[in-house]
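Here are some comments to read alongside the model. Please keep the sequence and the structure open while you go through them.

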Amino acid sequence: QVQLVESGGGLVQAGGSLRLSCGASGSIFSINAMAWYRQAPGKQRELVARITSGGSTNYADSVKGRFTISRDNAKNTVYLQMSSLKPEDTDVYLCNADVRTAFGYSRPYWGQGTQVTVSP
């Protein structure tokens, strides 16, 4: 079993910053890509940012220049630094990790989500 636990969400005013964290634990052999998605009720899940095990990153156009994804491989943790936040960034943010388990198979895992609310 593998668990992803997010933290760091909350309420912030427009223009403010938040830092999300997501730690993976359990029967992990290695983690390939890690990513942050966001989803509003009734809408499709959207990729926000992704980082490979080697540190290569990609971002949604809507967050480029404002958000930064990073990871600590030793801690199996991925971060999302969000700056210059806008009300349209309000969503539930979910962590995703492509995990190779100690049992030899690979599959994606999801966290439970953390709410980010940006007030005007």
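This is a predicted model: local features need pLDDT of at least 70, side-chain atom pairs count only at pLDDT 80 or more; totals for chains, interfaces and linings use all residues.

1. The structure holds one disulfide, and its partners are cysteine 22 and cysteine 95, whose sulfur atoms lie 2.1 Å apart. Cysteine 22 belongs to strand E3, which covers residues 18-26, and cysteine 95 to strand E9, which covers residues 91-101, so the bond ties together parts that are 73 residues apart in sequence.

2. The handedness of this disulfide can be read from its geometry: the torsion about the S-S bond of cysteine 22 and cysteine 95 is about -80°, and the disulfide is therefore left-handed.

3. Are the two cysteines buried or exposed? Cysteine 22 has a relative accessibility of 0% and counts as buried, because buried means under 20% relative accessible area. Cysteine 95 likewise counts as buried, with a relative accessibility of 0%.

4. Turning to the isoleucine, you will find isoleucine 69 in strand E7, which comprises residues 67-72. Isoleucine 69 has a relative accessible area of 4% and is buried.

5. Which residues does isoleucine 69 touch, if those up to four places away in sequence are not counted? Its contacts include Met34, Ala35 and Trp36, then Ala49, Arg50 and Ile51, and also Thr57, Tyr59, Val78, Tyr79 and Leu80. As for glycine 55, this residue is 14 residues from isoleucine 69 in sequence, while the C-alpha to C-alpha separation of the two in space is 9.4 Å.

Conventions: Residues are numbered from 1 along each chain as its sequence is written. Side-chain values use heavy atoms; hydrogens and water are left out. A disulfide is a pair of cysteine sulfur atoms within 2.5 Å. Helices (H or I, at least four residues) and strands (E, at least two) are DSSP runs, numbered from the N terminus. Buried means under 20% relative accessible area, exposed over 50%, partly exposed in between (1.4 Å probe, protein chains only). Contact means heavy atoms within 4.5 Å.
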